[in-house]
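Good morning, everyone. Please bring up the sequence and the structure, and we'll go through the spaces inside the protein.

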Amino acid sequence: MNIVIFGPPGAGKGTQSKFIVNKYNLHQLSTGDLLRKEIKNKTKLGSEISSIINSGELVSDKIVSNLIEKFISNDTFKNKIIFDGYPRTLIQAMNLDDVLKKYKQKIDIVLKLSVSLETVKKRILQRQTQENRADDNEEIAIKRYKTYEKSSESVLDYYKQSNLLKVVNGETGISEINSEISGLIDTIKG
Ligand code: AMP
């Protein structure tokens with residue numbers, strides 16, 4: 001089973017991904033984490049992308065698509081991936097289908113966590129005290145939310161058309177969201 005978890009920054013994608021990873025024995029593929037690792041390790045790619053990430057914009061589709069293919073092509077993760085923070089554009093969504101197809105896989109469900117801008121601001125400020133991310137401040141949080149709003153609609157339409165999209169209320173508590181998500185995953189597992 002491969003899952004996409006979708007939603008604005010601060011929606012709880014990372015928290016919910018970790019819960020799903022443990023419960024269903026999957027592997028989390030967070031493009032944000034992979035990109036931050038490049039910056040931390042001071043790689044050539046890291047130096048190219050740090051200012052983009054810190055401004056709240058998206059890095060190029062090509063860069064993230066290269067990162068995900070490395071993961072999908074690894075047999076250890078076959079049909080056991082939760083995509084967290086990818087795809088974020090229609091081009092990425094189509095690329096993901098192509099790459100999965102190449103390795104004889106597909107997406108089984110897309111979980112969208114819905115949260116308001118107010119909640120995003122609150123959660124990001126809270127996370128800043130825990131993770132100290134350079135892009136977690138109010139101004140950049142608003143920018144990232146706007147970036148999300150600009151590119152998300154076409155991705156959501158794409159998944160609506162293929163009947164994969166399930167919307168989850170991301171405003172409630174962590175354990176309520178856990179159970180709603182489990183219910184949805186259990187339905188498709190049959
Ligand atoms: P995240 O940890 O998912 O909130 O991602 C942090 C930042 O990394 C984003 O604001 C983007 O600048 C970049 N990023 C992560 N995933 C993607 C993606 N799929 N496409 C483009 N940029 C991305």
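Let's start with the shell around the ligand. By class, its residues divide into six nonpolar, four polar and six charged. Keep in mind that this is a predicted model.

How many residues surround the ligand? The count is 16. The closest are Thr31, Glu57, Gly85, Arg88 and Gln92. And which element gives the most to this shell? Helix H2 does, with four residues. H2 runs over residues 31–40.

Now zoom in on some contacts. Find Thr31. One of its polar side-chain atoms lies 2.8 Å from a nitrogen atom of the ligand. Move to Arg88. Here, too, a polar side-chain atom is involved, 2.9 Å from a ligand nitrogen atom. Gly85 uses its backbone instead: an N or O atom there lies 2.9 Å from a nitrogen atom of the ligand. Now for the cover. On its own, the ligand has 480 Å² of accessible area, and the protein covers 96% of that.

How do we look for empty space? Rolling a probe the size of a water molecule over the atoms shows where space is left empty.

Which space does the ligand take? It takes the largest pocket. That pocket has a volume of about 1,100 Å³. Its lining has 46 residues, and the closest to the pocket centre are Gly10, Lys13, Gly14, Arg127 and Arg133.

Sort that lining by class. You get 13 nonpolar, 20 polar and 13 charged residues.

Trace the lining along the chain. Helix H1 (13–24), strand S2 (27–30) and helix H2 (31–40) each supply at least two residues. So do helices H6 (117–131), H7 (138–161) and H8 (174–189).

Last stop: the cavities. How many of 30 Å³ or more does the structure hold? It holds one. The largest cavity has about 40 Å³ of space.

Its lining is made of Ile5, Phe6, Gly7, Lys13, Gly85, Tyr86, Pro87, Arg88 and Tyr148. By class, that is five nonpolar, two polar and two charged residues.

Gly85 and Arg88 line the largest cavity, and both are among the closest residues to the ligand. Lys13 lines the cavity as well, and Lys13 is also one of the residues closest to the centre of the largest pocket.

Terms used: Residues numbered from 1 in each chain as written. Predicted model: local features only at pLDDT ≥ 70, side-chain atom pairs only at ≥ 80, totals over all residues. Heavy atoms only, no water. 1 Å grid on protein atoms, 1.4 Å probe; cavity = no way out; pocket = protein on both sides within 12 Å on 5 of 7 lines; lining within 4 Å. Points joined across faces, edges and corners; volume = space filled by probe spheres on them. Nonpolar A, V, L, I, M, F, W, Y, C, P; charged D, E, K, R; others polar. Near = heavy atom within 4 Å. Polar contact = N/O pair within 3.5 Å; in protein donor to acceptor, adjacent residues only side chain to side chain. Areas by Shrake-Rupley, 256 points an atom, 1.4 Å probe, with all protein chains shown as cover. Sits in = over half its atoms within 2 Å of the grid points.
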